[in-house]
Amino acid sequence: MNRHAIASIIAALALFLIVLGSILSVNWNAGEMTEVGTERVGSSLFDEYGFTFLVVGLLMFAAMMGGVFLAKEDDR
Amino acid sequence: MIPIEYFLALSAILFAIGAYGALTRRNTIVVLMSIEIMLNAANINFVAFSSFFNDASGQVFALFSIAVAAAEVAVGLAILLNLLKTSDTIDLEEVNTLRW
């Protein structure tokens, strides 16, 4: 194991311990686990976040175009 | 009933594993998979908070996050194909030029 891997292990462990410590030190004030339901998720997706949904569709279209353009075999 | 701290701890573990993989691995595909693990850790946080606070917005954001991850992987794999074509390797240590 080289120095790079050891440094990465230390960095990842430190990150995990810091995040875990901050998770455990906060009083989340969360109630019980509840079921939100697909119906509410769907209506929230189209009512509250309709425009964002359109923008995500545009993003995925652009990503598809970019992916096809980058990956195509150039036949000459 | 599982407390919310367990979900957040699972997410932190996943994020640390993904960060370790992204920092150490030299294979580009494995690095992409590690980035996906980190994105999924964030999704677990979204869904956990959505479920515990009974708010649908978190799950909607998780859906958007999955869509963005799919777009990112599509472009990433296309770039990877081009990289393999131009430099005959996907080892990240070998790829140290921005143009050729």
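Me: How many residues of chain A are in contact with chain B?
Reply: In this predicted model, the two chains touch each other through residues on both sides. Chain B contributes 34 residues to the contact. The number from chain A that are in contact with them is 34.

Me: Which element gives the largest share of the side of chain A that touches chain B?
Reply: The elements that give two or more residues to this side are helix H1 (3–25), helix H2 (38–47) and helix H3 (50–71) of chain A. The largest share amounts to 12 residues. The helix that supplies this share is H1(A).

Me: How many residues of the side of chain A that touches chain B are nonpolar?
Reply: The residues on this side of chain A include 8 polar and 2 charged ones. The nonpolar residues number 24.

Me: What is the handedness of the crossing in which H2(A) passes H3(B)?
Reply: Two packed helices are described by the angle between their axes and the distance between the axes. For H2(A) passing H3(B), the crossing is right-handed.

Me: Which residues of H3(B) make the contact with H2(A)?
Reply: From H2(A), the contact is made by Val41(A), Ser44(A) and Leu45(A). The residues of this contact divide into 4 nonpolar, 3 polar and no charged. On the side of H3(B), the residues are Ser57(B), Gln59(B), Val60(B) and Leu63(B).

Me: How many of the 22 residues of H3(A) are buried?
Reply: H3(A) reaches 31 Å from its first C-alpha to its last, close to the 32 Å expected at 1.5 Å a residue. This helix is hardly covered. Among its 22 residues, the count of buried ones is 1.

Me: Why does Thr52(A) count as partly exposed?
Reply: Thr52(A) has its place in helix H3 of chain A. A residue is buried at 20 or more C-beta neighbours and exposed at 12 or fewer, with partly exposed in between. Thr52(A) counts as partly exposed because its C-beta neighbours inside 10 Å number 13.

Me: Which residues is Gly66(A) in contact with, leaving aside its neighbours within four places in sequence?
Reply: Gly66(A) is found in helix H3 of chain A. Gly66(A) is partly exposed, with 15 other C-beta atoms within 10 Å. Leaving aside the neighbours within four places in sequence, the contacts of Gly66(A) are Val75(B) and Ala78(B).

Conventions: Residues numbered from 1 in each chain as written. Chains lettered and ligands numbered in written order. Predicted model: local features only at pLDDT ≥ 70, side-chain atom pairs only at ≥ 80, totals over all residues. Contact = placed C-beta atoms within 7 Å. Helix = DSSP H or I, 4+ residues; strand = E, 2+ residues; numbered from the N terminus. Nonpolar A, V, L, I, M, F, W, Y, C, P; charged D, E, K, R; others polar. Left-handed = near helix turned anticlockwise from the far one by under 90°. Expected span 1.5 Å × (residues − 1).
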